[in-house]
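Dear colleague,

My notes on it come directly after.

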There are 2 protein chains.
Amino acid sequence: MSNKIWSVVKFKIKLGCEEEFLAAHNFTDEHKSHFLSFRAIRVDENLVVHIAEYENIEKVFAAQDQGLDWLTSVEHLIEYYHDSRTESFSGIEIYSH
Amino acid sequence: MSNKIWSVVKFKIKLGCEEEFLAAHNFTDEHKSHFLSFRAIRVDENLVVHIAEYENIEKVFAAQDQGLDWLTSVEHLIEYYHDSRTESFSGIEIYSH
């Protein structure tokens, strides 16, 4: 049983803002250091999803402030999900190959 | 720009069936060979999510038949999302670190 955590975060990108949103993926080395791995995938014209892997729950908490700062920095490029800027879930890794 | 594909598939597990569902994660080496990486995460008591990484779209297609066979084999352990056995999305990797 691993203690690794994965998080999946959906961003609904405003029309015409995709390029600027992608260009905002210029994280500092210190920010990157919280993740075991991280990627953005393009699901649809206006839907980008972040899939992040963390060594443990402590790393999730350590990344939180910078993650929220980053979210605020791109807030003008995304549509809200009701009252929320993103739609997300996280979970503990229970199997891998 | 990478051509890697990621897929995220949600499974709503029937009450009391989580253990059996997890035990069903015994894929053959040939099935595993379609993935660059694969993991299951436990989001909630009854929600398990598969996060799969494929080298390219051809590998997604190559994995499809065995994936559907596997889904049929665990069908009795999961609740439907309306008419669908799972809720899922896929996308092309556009950024990683």
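The notes below concern the contact between the chains, their symmetry and the salt bridges.

This is a predicted model, in which local features need pLDDT of at least 70 and side-chain atom pairs count only at pLDDT 80 or more, while totals for chains, interfaces and linings use all residues. Residues are numbered from 1 along each chain as its sequence is written, chains are lettered from A and ligands numbered from 1 in the order in which they are written, and side-chain values use heavy atoms, with hydrogens and water left out.

The interface

In chain A, 27 residues are in contact with 27 residues of chain B, contact being heavy atoms within 4.5 Å. The two chains bury about 2,500 Å² between them, and carbon and sulfur atoms give 73% of that area. Buried area here is the accessible area (1.4 Å probe) that two parts lose on being put together, summed over both. Of the area that chain A buries against chain B, 29% is supplied by A:Phe89, A:Tyr95 and A:His97, more than by any other three residues.

Between chain A and chain B there are zero salt bridges, a salt bridge being a side-chain nitrogen of Lys or Arg within 4 Å of a carboxyl oxygen of Asp or Glu. Eight residue pairs (both at pLDDT 80 or more) are in polar contact across this interface. A polar contact is a pair of N or O atoms within 3.5 Å; within protein, one must be able to donate a hydrogen and the other to accept it, and residues adjacent in sequence count only if both atoms are side-chain atoms.

On the side of chain A that touches chain B, strands S1 (5-13), S2 (37-44), S3 (47-54) and S5 (87-96) each supply at least two residues. Strands are DSSP runs (E, at least two residues), numbered from the N terminus. The largest share, eight residues, comes from S5(A). S5(A) also pairs with strand S2 (residues 37-44) of chain B in the antiparallel sense, over four bridges; pairing requires that DSSP finds at least two bridges.

Symmetry

A rotation of 180 degrees with 0.0 Å of shift along its axis superposes chain A on chain B (RMSD 0.0 Å), by least squares on the C-alpha atoms of residues with pLDDT of at least 70 in both. The two copies are thus related as by a two-fold rotation axis.

Salt bridges

Over all chains the count is 10 salt bridges. One of them joins A:Lys4 to A:Glu53, with the closest N and O atoms 2.6 Å apart.

Yours sincerely
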